[in-house]
Amino acid sequence: MGNSVAYPVLRTADPAEAYEKARHLCALLATRYAQVYVGAELRTVADVRRMAGLLPDAVYDHAEVRRDPVTGEYVYFGLDVRTASDAELAAEVPLDFVREELPDGVRDEDFVRAVGAGPASVRWEGCWPDEPELGSFPSPKYDGVQLVLNSDHCEWDRGVPGVHTLYVHVTKHGDPGRAERLAAAIGGAVLGEPEQG
């Protein structure tokens with residue numbers, strides 16, 4: 001989506017409700033691209049196991065920078081999440097992966113169900129309808145819908161367990177009128193200031 005403007009349009013404690021509203025917004029896109037992008041912070045071994053079952057080939061890394069205590073060099077995650085023992089994974093969490101495209105056969109709904117208590121994101125990209133009479137135009141590089149789980153920020157860098165936020169992304173310059181209309185379409189409202197997406 002590039003550096004779009006993201007408007008929060010729903011916050012809820014119910015991830016199923018947030019997902020349902022996200023899918024409703026996706027249906028309002030004039031064009032929706034096939035790719036779905038996901039990312040998550042995995043805080044427990046159980047989180048890693050669930051996600052590895054869904055996305056075994058994703059590239060996992062430490063969620064926090066780690067350095068070798070002797071050399072001071074960066075330490076990268078090098079285990080195979082499919083074969084590592086629980087004890088090995090416990091020493092490595094939290095892990096994350098960012099902006100991974102969901103592979104064929106993996107449903108976005110399954111990803112949402114696999115997320116633990118760490119922050120996560122699901123992004124659907126496309127184009128909003130052309131509405132020149134309302135001063136709203138599609139922006140193929142920036143338009144889309146984003147569901148952020150366990151966070152109140154579209155960059156999902158702030159973990160807030162149990163808080164799920166739905167965003168609409170519109171142009172790089174913003175379009176508050178379109179954001180308000182999209183929010184109303186799901187019974188929501190624009191919540192606070194727009195964010196850079």
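Visitor: What makes the link between the side chains of H153 and D157 a polar contact?

Guide: The distance is 2.9 Å. A polar contact is a pair of N or O atoms within 3.5 Å; within protein, one must be able to donate a hydrogen and the other to accept it, and residues adjacent in sequence count only if both atoms are side-chain atoms. So the H153 and D157 pair qualifies. This is a predicted model: local features need pLDDT of at least 70, side-chain atom pairs count only at pLDDT 80 or more, and totals for chains, interfaces and linings use all residues. Residues are numbered from 1 along each chain as its sequence is written, and side-chain values use heavy atoms, leaving out hydrogens and water.

Visitor: Why is H153 called buried?

Guide: Its relative accessible area is 17%. Buried means under 20%, exposed over 50%, partly exposed in between (1.4 Å probe, protein chains only). So H153 counts as buried.

Visitor: How do you know whether S151 is buried or exposed?

Guide: S151 has 0% relative accessibility, so it counts as buried. S151 sits in the loop between strand 6 (144–149) and strand 7. H153 is found in that loop too, between strand 6 and strand 7. Strands (E, at least two residues) and helices (H or I, at least four) are DSSP runs, numbered from the N terminus.

Visitor: What lies 3.3 Å from a polar atom of the S151 side chain?

Guide: The backbone nitrogen of H153.

Visitor: Which residues does H153 touch, not counting residues up to four places away in sequence?

Guide: V148, R158, Y167 and E195. Contact means heavy atoms within 4.5 Å. With neighbours within four places left aside, S151 is in contact with residues including P119, W156 and R158.

Visitor: What makes the buried residues of helix 5 line one face?

Guide: Seen down the helix axis, they fall within an arc of 135°, so they line one face of helix 5. The arc is that of the directions from the axis to the C-beta atoms. The buried residues are R178, A179, L182 and A183. They pack against strand 1 (5–12), helix 1 (15–28) and strand 7 (164–170). On the other side, E180 and A184 are exposed.

Visitor: What is called a nonpolar core?

Guide: A set of buried Ala, Val, Leu, Ile, Met, Phe, Trp, Tyr and Cys residues joined through side-chain atoms within 4.5 Å. The largest has 49 residues. Among those with the most contacts inside it are M51, F97 and L147. A second, separate core of five residues includes V148, C154, W156 and Y167.
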